[in-house]
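Dear colleague,

Here is the structure for your files. My notes follow below it.

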Amino acid sequence: MNKKILIPLILIILLLVGGIAWLYISLDKQKQEKEEMIQLAELDKKEMENEYQQFAQQYSEMKTQINNDSIVAQLTQEQEKTQRLLKELQETKSTDAREIARLKKELATVRAVLRSYVIEIDSLNRLNHNLTAENTRIKGEYEQASRQIEGLSTEKESLSEKVAIAAQLDAIGINIVGLDKRNKTTKKIKKMKGLQVNFSLAKNVTAQSGMKTVYVQINTPTGSLLGGAGTFPYENKVLTCSMKRSIEYGGQETPISLFCNINQALQAGTYRVSIFADGNMIGSKSFVLE
């Protein structure tokens, strides 16, 4: 065969083989990233299920520690609601972002309601303790008062454990804003050179005050992670974050904004923002960028 024909033909064949190999590697990488995103969604759903189960159990325990029939009836109602939401979550696929987001919002409401009952019952128990102590001093029934104080101390210890659960931080009002090269707001994905994530840490008087490091992940429609601002521990794993920031939290609602520079072309579709602090996922939300 003529060398003038043979050599170009060989080059074309080599280019085709190389192109096929590159395409295979690219598709395999996308598949792995998608699987990692699904695993994260499964972890998120499992954590929500565990919290719903814990909260339902907390309501059951609190009903045994209070003699107020009205409050017991309210606790029963909230417990049944929590169990119903848990069943809905168990029947929901982890990939159903809209339903998971709704149930996550419901979970935050359940946590807030539980927290209010913990505080209310703790206050009632403290008041009961004070009244009992006063009555004991008047009647001189020292032995009976000692037994009552011992019982209340046990209840206080149990309630302290519940307060620790209720003290978890919540990220509320999550939104994402695209920025152009002049740091101006833009809704056109082709012009985006950066992303700004805004949210607030909800008011929580039971949470521990002090410095908090907040980590944010932004996952693209293909499941890959934007940016790279270091790693953090979560669920016995080490995850990479898109951005992070340390802030002073004093129990009041605290607004936070974080920025992520974009050094790649963004793909239109659904982006997922996940927020972590104190070893917990405290909020997540999906956004469509076009």
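How many nonpolar, polar and charged residues does the lining of the largest pocket have? By class, there are eleven nonpolar, six polar and ten charged residues (Ala, Val, Leu, Ile, Met, Phe, Trp, Tyr, Cys and Pro count as nonpolar, Asp, Glu, Lys and Arg as charged, the others, Gly among them, as polar).

This is a predicted model, with pLDDT of at least 70 needed for local features and 80 or more for side-chain atom pairs, while totals for chains, interfaces and linings use all residues. Residues are numbered from 1 along each chain as its sequence is written, and side-chain values use heavy atoms, without hydrogens and water.

The largest pocket has a volume of about 550 Å³. Of its 27 lining residues, Ala101, Lys104, Lys105, Ala171 and Ser284 are the closest to its centre. (A pocket is an open set of points on a 1 Å grid over the protein atoms alone, where a 1.4 Å probe fits, with protein on both sides within 12 Å along at least five of seven lines; lining residues have an atom within 4 Å of a point. The volume is the space filled by probe spheres set on the points, which are joined across faces, edges and corners.)

Helix α3 (97-139) is among the elements that supply at least two lining residues each, and its ten residues are the largest share (helices are DSSP runs of H or I, at least four residues, numbered from the N terminus). The pocket lies between domain 1 (30-167) and domain 2 (171-289), because both give residues to its lining; the bounds come from an automatic or database domain assignment.

Regards
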